[in-house]
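Subject: Structure handover and notes

Hello,

Please find the structure below. My notes on what was found in it follow.

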Amino acid sequence: PASHADDVVKAAIERFEKDYESDDMDVRLNILNWLGRHMHKDVVKKLKKIWLKEKDLELVSMAAMGLGNQASRSKDAAKLLMQGLEKYKKLAGKAPENAEQRAQEDLEASVLVNAIEGIGKLEYAGDWKKLKGFIDHNNDDVAIAIITYFGNLKEYKALPVIYQWFEHYPDGLSWSGGTVKVDTGAAGNKDANAAKAKWKAKYGNRAKKARPNAFKAMLECVHKLTGEKMKKREELKIWMEENKKFLKKHGV
């Protein structure tokens with residue numbers, strides 16, 4: 001789609017800059033949301049500053065949403081969202097222990113979710129290496145957003161990671177620990193320590209909790225990628241083995 005007219009955007013930015021100075025956070029959020037609905041390179045510049053420099057996460061999250069609307073500058077906006085995802089990737093990474101921490105987690109998660117949904121709206125195939133880690137994110141909303149993104153954009157490299165999900169969350173309601181094998185031939189407890197380190201490197205970021213909503217999103221993603229409805233890891237394993245050549249073409 002075409003950008004909004006220069007004169008329209010100029011007037012919008014003037015109104016934005018006036019209201020954005022308000023002491024009322026609702027006024028600031030509303031005007032930022034309104035500005036983000038305008039598609040224009042100058043709007044992208046305004047949103048970029050807030051997205052990457054602002055300290056208040058409510059405003060950061062709203063800026064991410066606005067960048068996701070920039071279809072006329074999709075490549076520039078998506079790259080900015082990816083830049084922010086790299087900066088903010090540790091947000092909402094710890095399990096909350098009380099109501100205050102849960103509220104903070106929700107706020108932090110909204111930053112990541114809006115950015116991920118934004119690159120999805122812009123149909124941008126982001127850097128797989130930078131995005132794959134979000135599949136194992138502690139926050140369900142973040143995990144759901146990235147799994148949905150991979151399904152919509154047909155990112156087949158997600159299938160092996162999702163296969164591990166089946167191992168760890170076989171029904172979405174329970175958690176099963178993974179196993180690793182280490183045999184260094186070392187004396188004492190060195191083998192045990194090596195195995196522990198290897199397990200943590202492979203599985204340490206997985207939230208050990210029930211994840212029914214994320215599990216549902218995973219099944220929907222598998223359906224989009226394979227064209228088949230599956231509920232068990234064995235079914236996905238068979239499909240992947242039968243489609244090795246196809247997956248290889250897609251970098252798996």
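Does F166 count as buried or exposed? F166 counts as buried, at 1% relative accessibility, where buried means under 20% relative accessible area, exposed over 50%, and partly exposed in between (1.4 Å probe, protein chains only).

Before the rest, the conventions. This is a predicted model, so local features need pLDDT of at least 70 and side-chain atom pairs count only at pLDDT 80 or more, while totals for chains, interfaces and linings use all residues. Residues are numbered from 1 along each chain as its sequence is written, and side-chain values use heavy atoms, with hydrogens and water left out.

Overall
The chain has 13 helices and zero strands, where helices (H or I, at least four residues) and strands (E, at least two) are DSSP runs numbered from the N terminus. Of the 252 residues in the chain, 41% are buried. The accessible surface comes to about 14300 Å², and carbon and sulfur atoms hold 49% of that surface; the areas come from the Shrake-Rupley method with a 1.4 Å probe, and for residues only the protein chains shown count as cover. Contact means heavy atoms within 4.5 Å. Among contacts between residues at least 6 apart in sequence, 69% join residues at least 24 apart.

Core
The largest nonpolar core contains 72 residues. Such a core is a set of buried Ala, Val, Leu, Ile, Met, Phe, Trp, Tyr and Cys residues joined through side-chain atoms within 4.5 Å. Helix 11 (residues 212-226) gives the most to this core, with eight residues. The residues with the most contacts inside the core are W51, L85, L131, I146, F150 and L236. Of these, I146 is in contact with I116, L131, F134 and I135, leaving aside neighbours within four places in sequence.

F166 is found in helix 9. Not counting residues up to four places away in sequence, F166 touches F215, M218, L219, V222, K231, K232, R233 and L236. F166 and K232 are 66 residues apart along the chain, and their C-alpha atoms are separated by 6.9 Å. E167 is also placed in helix 9, but E167 is partly exposed, with a relative accessible area of 24%. From E167 to E234 the separation is 67 residues in sequence and 9.8 Å in space, C-alpha to C-alpha.

M62 is found in helix 4 (residues 57-68) and is buried, with a relative accessible area of 18%. Leaving aside neighbours within four places in sequence, M62 is in contact with L29, L32 and N33.

Backbone
Most residues other than glycine have a negative phi. Two residues are listed here for a positive value. E123, which is not a glycine, has a positive phi of about 55°. E123 is found in the loop between helix 6 (99-121) and helix 7 (128-131) and is exposed, with a relative accessible area of 68%. K154 has a phi near 55°, again positive in a residue other than glycine. K154 lies in the loop between helix 8 (140-152) and helix 9 (158-168) and is partly exposed, with a relative accessible area of 43%.

Second largest pocket
The second largest pocket has a volume of about 210 Å³. A pocket, on a 1 Å grid over the protein atoms alone, is an open set of points where a 1.4 Å probe fits, with protein on both sides within 12 Å along at least five of seven lines; lining residues have an atom within 4 Å of a point. Grid points are joined across faces, edges and corners, and the volume is the space filled by probe spheres set on the points. The lining consists of F16, E17, Y20, E21, K45, K46, K49, I50, K53 and E54. Helix 1 (6-19) and helix 3 (41-53) are the elements that give two or more residues to this lining, and helix 3 supplies the largest share, five residues. By class, the lining has three nonpolar, no polar and seven charged residues, with Ala, Val, Leu, Ile, Met, Phe, Trp, Tyr, Cys and Pro counted as nonpolar, Asp, Glu, Lys and Arg as charged, and the others, Gly among them, as polar.

Regards
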